[in-house]
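The questions below ask what stands behind some of the labels put on a structure. Each answer sets a value against a cut-off.

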Amino acid sequence: LRSKALSGLLSPQIGNLSFLREINLMNNTIQGEIPLEFGRLRRLETLLLSDNSLVGKIPANLSYCSRLTVLVLGNNKLVGSIPFEFVSLYKLKQLALPMNNLTGGIPPFLGNLTSLEVVSLAGNPFGGNIPDSLGQLKELKTLGIGGNNLSGSIPPSIYNLSFLVIFSVSENQMHGSLPPSLGLYFPNLKLFQTNENFFSGSIPISLSNASKLEYVEIASNSFFGKLSVNFGGMKNLSYLILEYNNLGSGESDEMGFMNSLANCSKLQVLSLGGNQFRGALPHSIANLSSQLQILVLGTNQLYGSIPSGIGNLVNLYSLQTEENQFTGSIPKEMGKLLNLQGLDFGGNHFSGEIPSTLGNLSSLYEIFLGDNNLSGVIPSSLGNLERLAILEMFANELSGTIPGDIFNISSLSVSLDLAENHFVGSIPPRIGNLKALRCFDVSNNDLSGEIPSELGLCSSLEEIYLAENFFNGFIPSFFRTSRGIRKVDLSRNNFFGQIPIFLEALSLEYLNLSFNDFEGRLPTRGIFANASAISVGGCNRLCGGIHELQLPKCPEHESSRGGDLPGSLQDY
């Protein structure tokens, strides 16, 4: 009765069905406790109750089901410990209790259940250590004890389990190092997970002997040193995730291991980010698997140029090389990566022009090119990217006008950040097309003119940064209806006139109007009542305001709510 949308409680009457050999009620919405009467089912061999909403403790008298070989109770809300009485279930082959709230440690008596082939206990707050006795389970193929709040080190006896196919101790607080002969101990291993622990030392070269490996994840530890594993024999390797360690030696052939990865024709994810790798990317990157979907190289010390052969990785949908020391131009061959959704080249030293071929990548959702040395103009072809939500090109040497085609990308919703460049001209009226945009930043450029009224059509805007340009004119009246605005920076421009009272009614968290030519009485309510959130320094013709701002008093004839503004710019 698996996946039959069953609900309610388990009937104790099931305990009267003495000839039952299998119960499969997986993936329903059954609630309540497991009836004690299940202990009467002396012929029961398989009990599958996972993916329900069962509560309470695991009944100790299930140990009376002496023929039980499969016990699967995962993804429920069970509490308490694994009953000691289970020590008598000597025929048990599969014990799967993941994703519950079990405590009391992993019981050492499990080592006596020598028929066990699967021990899956992940996602329970057991606490304690890995029992040394688990090394007695010579038939064990799966040991899944991730997310169990375990500490200590891996007992040496575990490396006697030569039949292991799946080994996961991820998301614990374990420490120690991996033995040099790791790959020799586990010749049948397909999945190896030690991520999010406190392991250290080097990654054993012998890992190459575990040639059946498909999934390797040792991220977020403190592994260090040169990565010397030859991955060439791992023909089925699909995932290699080594991010957030301290890997790297500074040797000249630092990245040589990538040459062997060219033989891994099934590789889908390669994540090396957040390490200390130093060196140039080998041209063999062009020979990586055509199935590669995610390539993460960010936050290392990689240098040199990106090989043009990167264009061969036609199934990439995420490419991250941020926070390195790459130089040279962005290869025009990037335009071949038609499945690319995320591109992050930020925080490097790329130079030259942005290739117009990026406009071919119609699946792109995000582009990060900020903090480089890119020059020239923004290619108008980027206006073709109809799925783009984030475009960040801040802190470069880009120039010219902002192409109007950029403002046709109505999907831009998270951020359009062009700050710290050399753009000239005005903000095109077409900005009103970006109705979903939340953050707009063109600060520190050479832009001029008035803020277009069409900016008020960007009804989702939360943050506007226009500082350090040559904008002029009054604060536009559209702010009156911009109820979602939280942060506004208009500092160091040539704005003038009085500061409109309607700004008091906005739910602003930050407002910087400093170094403009505003005049008259400063409002005192709303954001203007918070001296730490408002900045008006350098506006020498302002008066009034709250005491903390230390502006001069207004003349007696000055209106108590500000002076006159043209048209509808003042809201009394």
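A disulfide is a pair of cysteine sulfur atoms within 2.5 Å. The model discussed here is predicted.

Q: What makes Cys543 and Cys554 a disulfide?
A: Their sulfur atoms are 2.0 Å apart. The cut-off is 2.5 Å, so the pair qualifies. The structure holds 1 disulfide.

Q: Why is the disulfide of Cys543 and Cys554 called right-handed?
A: The torsion about its S-S bond is about 100°, and the disulfide is therefore right-handed.

Q: Which parts does the pair Cys543 and Cys554 tie together?
A: Cys543 belongs to strand β44 (residues 541-544), while Cys554 lies in the segment after β44; the pair therefore links parts 11 residues apart in sequence.

Q: How do you know whether Cys543 is buried or exposed?
A: Buried means under 20% relative accessible area. Cys543 has 6%, so it is buried. Cys554, at 14% relative accessibility, also counts as buried.

Q: Why does Cys65 count as buried?
A: Its relative accessibility is 0%, so Cys65 falls under the 20% cut-off. Cys264 is likewise buried, at 0%.

Q: Which residues have the most contacts inside the largest nonpolar core?
A: They are Leu261 and Phe440, in a core of 159 residues. The largest share of this core, 3 residues, comes from α2. Beyond four places in sequence, the contacts of Leu261 include Phe231, Leu237 and Leu288.

Q: Where does pLDDT stay under 50?
A: This holds over residues 560-572. Where pLDDT is low, the predicted coordinates should not be read in detail. For the chain, the mean pLDDT is 94.

Technical notes: Residues numbered from 1 in each chain as written. Predicted model: local features only at pLDDT ≥ 70, side-chain atom pairs only at ≥ 80, totals over all residues. Heavy atoms only, no water. pLDDT = per-residue confidence, 0-100. Contact = heavy atoms within 4.5 Å. Core = buried A, V, L, I, M, F, W, Y, C linked by side-chain atoms within 4.5 Å. Buried < 20%, exposed > 50% of the residue type's maximum accessible area, 1.4 Å probe, protein only. Helix = DSSP H or I, 4+ residues; strand = E, 2+ residues; numbered from the N terminus.
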